[in-house]
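Here's a quick, friendly briefing to read alongside the model. Have a look at the sequence and the 3D view, then work through the notes below.

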Amino acid sequence: MKMHREHHINSSEIIRDIVIGMSDGLTVPFALAAGLSGAVNVTGIVVTAGLAEIVAGSIAMGLGGFLAGKTDADHYISELKREYDEVERIPEQEKEEVKQVFAEFGLSTDLQQQIANEMSKDKDKWVEFMMRYELGLERPDPKRAGKSALTIGGSYIVGGIIPLSPYIFIHDATEALSGSCIITVIALFIFGYFKSKLTGQPPVSGAIKVVVIGALAAGAAFLLARAINNH
């Protein structure tokens, strides 16, 4: 008999952090470089400003990921302490909440009571159940905040180097902008395709949306810089 195997996305938090870092990393430095290309003729200024933005952006994004992870961990600990306190002070009320969870699954009243009584014999398992099914909270990875910061920051750097790379090798800003547009559009399409595929969305339409957003941001920055430079 052939065993059925379910396929799920592993490490969803890491994937989410990569998506956050790469999406901003590809878009923001691309828009900045395009905008500066509309105001200057040489690429030295674009490279300097682009690298400065990538460093600052990666630090800011990484710090945001760290604080988000730390907040999630602190929130979980706070709720965990509250649940332990409640099973000590008001156990009967907590049992009722257990019964309500299983009532939603259509279990009989007698079976609900039996499960609640059995669960109350192990406070750790009881609290873990309440955290997961009453509050919808999973125990966070204690290293989550640091991992998130490094993943988001690193992804931002990788994404940011892609649109900036032509300016490093080409001295004329207009030519470099053309090269940057080509490789960034390709990178945005590939990124959007796999992001949409991983999240269960139509990959081609998702990729096109990502490309359009990046192109609009870069186009707006370029036109604004060109308009300011002409006055």
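## First stop: a charged pair

Arg 132 counts as partly exposed, because its relative accessibility is 34% (buried means under 20% relative accessible area, exposed over 50%, and partly exposed in between, with a 1.4 Å probe and protein chains only). Keep in mind that this is a predicted model, where local features need pLDDT of at least 70, side-chain atom pairs count only at pLDDT 80 or more, and totals for chains, interfaces and linings use all residues. Residues are numbered from 1 along each chain as its sequence is written, and side-chain values use heavy atoms, with hydrogens and water left out.

**Salt bridges**

- What does Arg 132 pair up with? Its side chain meets that of Glu 128 in a salt bridge, at 3.8 Å from N to O (a salt bridge is a side-chain nitrogen of Lys or Arg within 4 Å of a carboxyl oxygen of Asp or Glu).
- Glu 128 and Arg 132 are about one helical turn apart, because they sit four residues from each other in helix H5 (helices are DSSP runs of H or I with at least four residues, strands are runs of E with at least two, and both are numbered from the N terminus).
- As background, an α-helix has 3.6 residues a turn, so residues three or four places apart point the same way.
- Glu 128 is partly exposed too, with a relative accessible area of 37%.
- Elsewhere, salt bridges that share partners tie Glu 79, Arg 82, Glu 83 and Glu 86 into one network.
- Inside that group, Arg 82 bridges to Glu 83, with the closest N and O atoms 3.6 Å apart.
- Is each of these two buried or partly exposed? Arg 82 is partly exposed at a relative accessible area of 33%, while Glu 83 counts as buried at 0% relative accessibility.
- Glu 118 and Lys 121 make another salt bridge through their side chains, at 3.1 Å from N to O.
- Glu 118 counts as partly exposed at 48% relative accessibility, and Lys 121 counts as exposed at 64%.
- How many salt bridges does the structure hold? The count is eleven.

**Buried spots**

- Helix H4 covers residues 109-119, and Gln 112, Ala 116 and Met 119 are buried there.
- Those buried residues line one face of H4, because they fall within an arc of 70° when you look down the helix axis (the arc is that of the directions from the helix axis to the C-beta atoms).
- What do they pack against? The buried residues of H4 pack against helix H3 (91-103) and helix H5 (123-134).
- Met 130 lies in helix H5 and counts as buried, with 0% relative accessibility.
- Leaving aside neighbours within four places in sequence, Met 130 is in contact with Glu 83, Glu 94, Glu 97, Val 98 and Leu 135 (contact means heavy atoms within 4.5 Å).
- Met 130 and Lys 95 are 35 residues apart in sequence and 9.9 Å apart in space, going C-alpha to C-alpha.
- Ser 148 is in helix H6, which runs over residues 144-169, and counts as buried at 2% relative accessibility.
- Setting aside neighbours within four places in sequence, Ser 148 is in contact with Asp 17 and Gly 65.
- Ser 37 lies in helix H1 (residues 12-37) and is buried, with a relative accessible area of 4%.
- Ser 37 and Pro 140 are 103 residues apart in sequence and 44 Å apart in space, C-alpha to C-alpha.

**A nonpolar patch**

- A nonpolar surface patch of about 890 Å² includes Ile 182, Ile 183, Phe 189, Val 204 and Leu 216 among its residues (patches are made of residues with over 30% relative accessible area and no salt bridge, with like charges joined within 9 Å and nonpolar side chains, namely Val, Leu, Ile, Met, Phe, Trp and Tyr, within 5 Å; accessible areas come from the Shrake-Rupley method with a 1.4 Å probe, and for residues only the protein chains shown count as cover).
- Helix H7 (173-198) and helix H8 (203-230) are the elements giving two or more residues to the patch, and H7 supplies the largest share, six residues.
- Ile 183 lies in H7 and counts as partly exposed at 31% relative accessibility.

**From the record**

- An unreviewed UniProt entry lists residues 149-170, 176-194 and 206-228 as "transmembrane region" (positions are in the numbering used here, feature names are shortened, and annotations may be inferred rather than shown by experiment).
- In the model, the span 149-170 is 95% helix and 0% strand, and its end C-alpha atoms lie 33 Å apart.
- The span 176-194 is 100% helix and 0% strand, with end C-alpha atoms 27 Å apart.
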